[in-house]
Amino acid sequence: MSKRRIKKIAIIGSGIMGSGIACHFANIGVDVLLLDIIPRELNAKEKAKGLTLEDKIVRNRLVNDALTASIKSKPAPLYHNSFANRITTGNIEDDIAKVKDVDWIMEVVVERLDIKQQVFEKLEKHRAPGTLITSNTSGIPIKFMSEGRSEDFQKHFCGTHFFNPARYLKLFEIIPGPQTDASVLEFLNGYGEQFLGKTSVIAKDTPAFIGNRIGIFSIMNVFHVVKELGMTIEEVDKLSGPVIGRPKSATFRTVDVVGLDTLVHVANGIKDICPNDEQLDLFKIPAFINTMMENKWLGSKTGQGFYKKNVSADGKKEILSLDLDTLEYRSAKRAKFATLELTKTIDSVADRFKVLVKGKDKAGEFYRKHFAALFAYVSNRIPEITEDLYKIDDAMKAGFGWGHGPFQIWDAIGIEKGIEMMKAEGLEPNAWVTEMLASGITSFYSVKEGATYAYDIPKKSQEKIPGQDSFIILDNIRKTSEVFKNSGVVVEDLGDGILNLEFQSKMNTIGGDVLAGLNKAIDIAEKDFAGLVVGNQAANFSVGANIGMIFMMAAEQEYDELNMAIKYFQDSMMRMRYSSIPTVAAPHGMALGGGCELSMHADKVVAAAETYIGLVEFGVGVIPGGGGSKEMALRASDTFKKGDVQLNTLQEYFLTIGMAKVATSAYEAFDLGILQKGKDVVVVNKDRQIAVAKQHAKLMADMGYTQPVKRTDVKVLGKQALSMFLVGTDSMEDSKYISAHDKKIANKLAYVMAGGDLSEPTLVSEQYLLDLEREAFLSLCTERKTLERIQHMLTKGKPLRN
């Protein structure tokens, strides 16, 4: 990547996308100038205050209101609310000259070519030569936008298409114009991946680019198949969601969130601009969709779409579903298929596809029809929308949240089987597919020496996918680099003397096998290696300890065994901290309960920005028992200052546990004391996380890591703090904020974090606090209400308040 630096960016247009993109640049530390048009008339509040159209507060009203709404929206666009300070607002008439000082100008105005061209004409008068200038258009041809602009403008101009919401969806499509300099594309490709945390995909300047061209086709195909097979929307959403590695919103709920009008707009655009598309008829809007458009049943934005929230006369809330035959709302119908039952024991989504397409029921028929059409379509889009098949897969995974792209699914089913399915539907793959098979290449992808290779159509061979050198893909090295394995973990050699421990349990829960694996990994590392990373590339780092095991022991009153199990957990966490090699935890996604405790006991945490981490044990009626309660008391002690503020500091750490607070980003975790400033680091691109964690482990080892000395200097406040906590919990119960059982849990936690009922502030050891923690945890496990909460969590998947 070139030496170009992005210190400041101007975003022109502050709508949902513009403000969202501005927030994400602020997330990564870039100074943002956000501009929009000025209002043409005063609103009621401005008139009441006697303001005029010349007042700055009025002239910046549109941009300020839009940004404020974006910051307040859910899911949050900012990693931390303080990052909003990195965004300066203004308007195009008064502040456009400021773009001369930025490194990148991005246009995010309404999707009309004439308006975009007017904006670019104004911008060129103030833009400094060499400044990047891009458009976030979702479909207007790039070649038309830069017509009439200078040579320097055109060299530095292209499309940069973010998906909404910009923070969360990883696809970053880069679309060159006719004169775009190759160095600009190279820079943006690298910047999107390294700095923005995106999957960068360079696309051709074709309608809807890559992601929306394939994604809209897939949805339109479902719209036709659902009518052909007489299916309900519940059935389709059951079949097109997590069972095939796609989001819970599946198909119809996704359309409700995105907006039916948006989908129809893109589909019509493809139909009108792509007369040679062999599946043109599929983009024609079905009658039931036209009726929904006429009725303004557009989804969440209008309060109803394929689903509708309903409140009955007695106040009961219900989600109603649209009957596609009668176009009337009705109570939801449960969807159940024999084919899906066959996949319940198959954890790997990739391994399910073969089973699903063999189904003899309506589900099997749906999958065969849908995948056959999808495979044929994507094979025919090469080389129209891209030369590289892996870019189509990357776009669908990053832009639509698919766990596997179309060609990966085709590989999983088998290319020959996929062609057989196509022929049954009267379809054929593109000729390059049959030519590939005839040459003896039987898959689109392969793995060699830890790297992924994809079939290159012009070269007629499998070539290494570029850009992998900064990643470590555990799926690619697991078999060849395995050092140890049990039912709970796999330990891999990452090279350079660093091991990685990868959880393999269901939802990466931490039970006996995982802890045994952790201890074994440390044993191996201390003997033959230099450091250990604990990380994985599943959807979530770990949802916590195996509460099912805890429930069984407590229900059977096997308290000695439970005591031993909790002590083993505590001892394993202390082993993480006090081993002779550096340990690095790499949490991402959900890192709850025990997953949080493990992270807090590593020498360093390399957290993905999208890490939702917290000590949530209160929700199941216990306190953190794997060292989490001890650790919060220790961290409070390390921040104590002289005076009464010590009690306030301890109370903050107490409330983090007592309120089961979960950080909604790694940056928020610093505020909660879960991550530590100056020690722990955050990476924006999760794909880089294991590689970065390895680098930190190696650096600590190379600098001469020495086994830490166990702490005996933890200051606890004893009765002084305990009294404060007990008064607080009494008050909370009296005010009906907490139940009697909540109070009991809180008082147990208070006893631990105060260090017991010591008569004066005292320095104690970590082990002293661990013993208090374990005793409190065990006593709560004897409570009937705790067992009820654990059982409710196991059966319902959410906390019970009793």
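In β23, V683 is the bridge partner of A608. The model is predicted: local features need pLDDT of at least 70, side-chain atom pairs count only at pLDDT 80 or more, and totals for chains, interfaces and linings use all residues. Residues are numbered from 1 along each chain as its sequence is written, and side-chain values use heavy atoms, with hydrogens and water left out. Strands are DSSP runs of E with at least two residues, numbered from the N terminus, and two strands pair if DSSP finds at least two bridges between them.

**Strand β21 and its partners**
- Strand β21 (residues 604–608) and strand β23 (residues 681–683) pair in the parallel sense over 3 bridges.
- Strand β19 (residues 583–586) also runs parallel to β21, and 2 bridges join them.
- A585 stands opposite V605 in β21.

**Burial of β21**
- Of the 5 residues of β21, 5 are buried (under 20% relative accessible area, with a 1.4 Å probe and protein chains only).
- In a regular strand, side chains alternate between the two faces of the sheet.
- K604, V606 and A608 lie on one side of β21 and V605 and A607 on the other, and both faces are covered.

**The sheet β12-β13-β14**
- In this order, 3 strands form an open sheet with antiparallel pairing.
- β12 (445–448) and β14 (461–464) are the edge strands, each pairing on one side only.
- Neighbouring strands of this sheet are turned by 40 degrees against each other on average, direction ignored; the axes are lines fitted to C-alpha atoms.
- Strand β13 (residues 451–456) pairs with β14 in the antiparallel sense over 4 bridges.
- The bridge partner of A454 in β14 is E463.

Note on methods
Buried < 20%, exposed > 50% of the residue type's maximum accessible area, 1.4 Å probe, protein only. Axes fitted to C-alpha atoms, helices over the stretch in contact; angles between N-to-C directions.
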